[in-house]
Amino acid sequence: AHPFNVNTKGHLEIGGVDTIQLAEKYGTPLYVYDVEMIRNHARAFVQAFRDAGVHGKVAYASKAFSTIAMLQVAKQEGLCLDVISEGELYTALQADFPTEKIHMHGNNKNEKEIAMGVEHEIGCIVIDNFHDIDLLDLELMKQEKTMNVLIRVTPGVESKTHKYIMTGNEDSKFGFDLQNGQAEDALKKLLGHPRINLKGLHCHIGSQIFETDGFRVAADILFVKLAAWKEKYQFESEVLNLGGGFGIRYTESDTPLPLAEYVKDMIQSVGQNCHKYNMKSPEIWIEPGRSIVGDAGITLYTIGANKNIPGVREYYSVDGGMTDNIRPALYQSKYDAVIANRPEASPEKEVSIAGKCCESGDMLIWDLPVPQIQDKDILAVFSTGAYNYSMASHYNRLTKPAVVFIEGGQDYLVVKRETYEDIVKNDLSYEGIKSFTS
Ligand code: LLP
C-alpha cells in the first residue's frame with residue numbers, strides 16, 4: 001500500500017533509514033521526507049515536457065510545504081516556484097531561489113507583497129482581480145520597472161460531470177470570470193500597457209484530481225476565448241498556465257495517474273486546440289504542489305493512551321493530531337498507517353487513532369486495521385508531505401514537530417522542533433489597569 005521498505009530488524013524504513021531510530025533521535029511527532037522521491041516526482045514532470053519536445057515550466061506550489069530546505073531542493077531540480085504571500089516569497093528569498101523563476105499568486109495581494117515582488121524582479125505575477133492591476137500599476141510607476149503577468153481566469157463551468165472543477169467554477173473567489181466579460185475587461189486594460197507585460201492566461205481547476213478530462217475541459221473553454229481574442233485584439237497567449245491539482249495516493253482507494261500522464265494529456269489537448277484554431281503553441285506551465293511532496297512525507301507518532309468501549313470502538317491516542325495534520329478534521333481526509341516497529345505484523349483488530357487535542361474532532365484515522373498495540377509503539381502515517389506542516393497550528397499550545405530529510409541513507413534535520421520559548425516568544429505581559437492590581 002505504501003512505497004517504503006522494512007529492514008532486517010522488521011522496522012519500517014524511509015530512504016534506507018530506520019524510522020524507529022529516527023523517532024528515538026529526534027522525538028515524535030516527527031515529519032520525515034524521502035528527498036529522492038521528491039526529486040523523482042519533480043523530474044517526472046520536467047521530463048514529460050522534454051520527451052514531448054514542448055516548452056513547459058514546472059513551478060512547485062510552495063503552499064504545499066514551504067521551508068528553506070525544501071525550496072533549495074526545488075531550486076536544485078531547476079523548478080520554478082509559485083508563492084502566494086509575502087511569507088512564502090520571503091522564504092524563497094531566504095533559500096536564495098532565483099527570483100526570475102518565481103511567480104506570485106493570491107486573491108488579495110497587498111501593496112507590500114506587490115512591492116516586494118516588483119523590487120525583487122520576480123518572473124511573473126498572476127493577476128487575480130482589478131485590485132491587483134491598480135496596485136501593480138502604481139508600484140511599477142513608483143519603482144520604474146516592468147512586470148510579466150498572467151490573467152487568472154475561471155472557466156465558469158459547473159457541469160455535473162466535472163464536479164472536480166472546483167476552483168474553476170463561476171462562484172469562486174479566485175480569478176476573472178471568463179464568461180461574463182470580466183476577463184475580457186482585464187485583457188483590455190492590460191493590452192498595450194506601458195509597464196505590464198501580458199504573457200497569457202492562468203487557470204487552476206482544483207486539487208487531488210485523478211483524471212485528465214477536467215484539464216481538457218478547461219483548456220477547451222480557454223481556447224474558445226483565445227480564438228475570439230486573437231480575432232478581435234490580435235492577442236495571442238505566449239503562456240498557458242493550467243495550474244496544479246494532480247492527485248496522490250493517500251489510501252488504497254485513491255488511483256492517481258502516473259505524473260507524466262497528466263502532462264502528456266495536457267500537451268495533447270493544447271496541441272489539438274492550437275491546430276483547430278490555427279494558433280501558435282503557447283508555453284505550458286503547471287504548478288504542482290501535493291504531487292511533488294505529498295507521498296514523499298510520513299509522520300511518526302508515539303502511541304499512548306487507550307480507551308476501549310466494548311462493542312463500540314477502541315481508541316488509541318498519539319502525541320500529535322490536528323495540530324500537525326488538520327486534513328482529517330477539515331476535509332474528512334483518509335490516511336493509511338502502520339505500526340512502524342512491526343509493520344508486517346498481521347492485523348488483529350480495528351482501532352481509531354485520536355490526536356491529543358482537546359476536541360472530539362481531533363481524529364487522524366478511523367477504523368485502522370492493526371496488530372495488538374503496546375505502549376510506546378510508533379505509528380507511521382503515510383502521505384503526510386503536503387499541506388500538513390504548512391497548515392500546522394499551535395492549538396492547545398502544542399509545539400510544531402521537527403522536519404527531517406532523508407537522502408543517500410543519511411538523515412538531516414531541516415526544521416527544528418519548536419520549543420515552549422518559541423510558543424510564548426511574541427507574548428507580552430499585561431499588568432492590568434491600576435484598580436485591579438492594588
Ligand atoms: N496553483 C494554484 C493556483 C492553487 O490554488 C493550488 C492549490 C496549486 C497550484 C497547487 O495544487 P496541488 O498541486 O497541491 O493540488 N489544503 C488543501 C489543498 C489546497 C490547495 C490550494 N491550492 C489540502 O490539504 O488538500
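Guide: The model is a predicted one. In it, 19 residues surround the ligand, and the closest of them are Ser207, Gly244, Gly289, Arg290 and Tyr387. Classified by side chain, the shell comprises eight polar, seven nonpolar and four charged residues. Two helices, α10 (290–293) and α11 (327–331), each contribute at least two residues to the shell. At the level of domains, residues come both from domain 1 (13–33 + 294–424) and from domain 2 (35–291), so the ligand lies between the two.

The annotation can be set beside this picture. An unreviewed UniProt entry assigns "binding site" to Arg290, Arg327, Tyr331, Glu359 and Tyr387. These positions span 98 residues of sequence and are also spread in space, with up to 27.3 Å between C-alpha atoms. Arg290 and Tyr387 are also among the residues closest to the ligand.

Two of the annotated residues may be examined individually. Arg327 belongs to helix α11. Arg327 is partly exposed, because 19 other C-beta atoms lie within 10 Å, and a residue counts as buried at 20 or more. Glu359, by contrast in setting, is found in the loop between β16 (349–354) and β17 (363–370). Glu359 has 12 other C-beta atoms within 10 Å and is therefore exposed.

Key:
Residues are numbered from 1 along each chain as its sequence is written. This is a predicted model: local features need pLDDT of at least 70, side-chain atom pairs count only at pLDDT 80 or more; totals for chains, interfaces and linings use all residues. A residue is near a molecule or strand if its C-beta atom, placed from the backbone, lies within 6 Å of it. Helices (H or I, at least four residues) and strands (E, at least two) are DSSP runs, numbered from the N terminus. Ala, Val, Leu, Ile, Met, Phe, Trp, Tyr, Cys and Pro count as nonpolar, Asp, Glu, Lys and Arg as charged, and the others, Gly among them, as polar. Domain bounds come from an automatic or database domain assignment. UniProt positions are given in the numbering used here, feature names are shortened, and annotations may be inferred rather than shown by experiment.
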